[in-house]
Amino acid sequence: MPIDYSAEVRAALRHLLPVAIAVAPFGVLYGAVATGRGLSIMEAVGFSVSANAGASQLAALELIGVGSPILAVVLSVFAINFRHVLYSASAGRHLQRFSPLQKAVAFYFLTDPSFGAVEARARDHVVTRTYFFTYALSLYAVWIGTSLAGAVSGDFIDDPKAFGIDVILPVYFLALLMAFRSRSLFYPVALASAFVSTAVYVIFGPPWHVTLGTLGGVLVAVVAPLRGPAE
Amino acid sequence: MSDLWVIILLSGLLTYVTRIGGYLIVARAGKLSPRMEAGLNAVPAAVLTTIVVPSLVDGTWAERLIVLACLVLSLRLPLIGVIAIGAGAAALAHAAGY
């Protein structure tokens with residue numbers, strides 16, 4: 001069947017819209033914090049271009065702010081982003097239409113939202129290059145553009161809490177989580193993951209609660225009795 | 001090169017390593033066993049759960065209730081509507097001092 005490119009583009013943009021609305025304030029927030037911590041506008045935006053990983057960028061700013069050595073900052077970025085190893089192991093299976101080079105490029109854009117979009121799309125569609133790159137590049141543009149806006153405008157959003165922005169990402173990720181509830185072992189996996197992650201977070205704090213919690217949930221699925229196809 | 005640019009470029013490089021690493025490991029391992037496959041299928045649910053944990057642990061009771069209410073709403077309403085309701089409720093709760 002031929003690919004309807006404009007339908008792929010429209011689907012990608014439709015799926016991106018709520019995410020872009022959620023990500024934009026964080027981009028502005030990141031940019032404002034970055035220049036507040038003494039980064040130049042070039043450095044603030046350059047970090048978004050290079051890492052393209054908001055949570056780790058904000059964490060790095062915290063560490064830079066308290067004068068941490070380069071190695072400590074870079075290692076914490078690596079730790080926070082370590083979850084992507086699991087993302088690429090899973091999402092790579094859905095990129096059959098991509099050439100090796102296209103895959104290598106695609107993985108650069110494998111953020112939390114684009115990983116979620118690939119997995120969700122793969123449930124009932126072939127993930128096309130048009131769909132993936134429309135989604136991922138648009139999101140990249142939003143992240144860089146809002147980082148720049150925040151860096152230029154300084155402390156534009158004085159208090160994200162006043163607008164309820166602080167709950168947008170958790171709500172977004174929870175809603176995305178529930179989209180997977182028909183998968184086998186969904187509830188045991190989610191509960192195990194929640195338990196391990198909460199324990200690690202309460203005892204040690206971030207960032208290993210993500211990777212260890214994920215491994216806890218995955219372990220449940222690995223040791224559970226096999227029962228046919230996963231979907 | 002300034003320390004900041006070293007941090008920026010090294011962070012980008014290491015982040016890319018994490019983003020392609022899992023794929024390379026699986027590609028080397030060849031065909032996956034059914035258990036590995038089951039484990040990978042569990043990755044999205046497992047990781048999305050962990051990302052929400054800090055907001056539930058650190059949040060006020062009002063924030064926790066709002067986030068959990070949105071979880072229920074997300075079973076019925078489109079995502080954008082749930083986010084709007086959640087952000088609106090959180091803004092009201094914060095304005096009221098919760």
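This is a predicted model: local features need pLDDT of at least 70, side-chain atom pairs count only at pLDDT 80 or more; totals for chains, interfaces and linings use all residues.
Local features need pLDDT of at least 70 and side-chain atom pairs count only at pLDDT 80 or more, while totals for chains, interfaces and linings use all residues; side-chain values use heavy atoms, with hydrogens and water left out. Residues are numbered from 1 along each chain as its sequence is written, and chains are lettered from A and ligands numbered from 1 in the order in which they are written.

**Stop 1: chains A and B**

Colour the two chains separately. In contact (heavy atoms within 4.5 Å) are 78 residues of chain A and 60 residues of chain B. The two chains bury about 6,100 Å² between them, 76% of it on carbon and sulfur atoms; buried area is the accessible area (1.4 Å probe) that two parts lose on being put together, summed over both.

Next, select B:Glu37 and A:Arg93. Their side chains form a salt bridge at 3.1 Å, N to O; the term requires a side-chain nitrogen of Lys or Arg within 4 Å of a carboxyl oxygen of Asp or Glu. The count between chain B and chain A is 1 salt bridge.

The most come from α1(B), with 20 residues.

**Stop 2: the domains of chain A**

Select 5-169 as domain 1 and 181-231 as domain 2 of chain A; these bounds come from an automatic or database domain assignment. Their centres, taken over C-alpha atoms, are 23 Å apart. Contacts join 7 residues of domain 1 to 8 residues of domain 2, and the two domains of chain A bury about 660 Å² between them, 71% of it on carbon and sulfur atoms.

Zoom to A:Glu119 and A:Arg183, whose side chains meet in a salt bridge (3.6 Å, N to O). On the side of domain 1 that touches domain 2, α4 (70-81) and α5 (83-91) of chain A are the elements giving two or more residues.

**Stop 3: A:Leu174**

Finish at A:Leu174, in helix α9 (residues 168-178) of chain A. A:Leu174 counts as buried because its relative accessibility is 6%, the cut-off being under 20% relative accessible area (1.4 Å probe, protein chains only). Display B:Val52, B:Val67 and B:Leu71: leaving aside neighbours within four places in sequence, these are the contacts of A:Leu174.

Methods
Helices (H or I, at least four residues) and strands (E, at least two) are DSSP runs, numbered from the N terminus. Buried means under 20% relative accessible area, exposed over 50%, partly exposed in between (1.4 Å probe, protein chains only).
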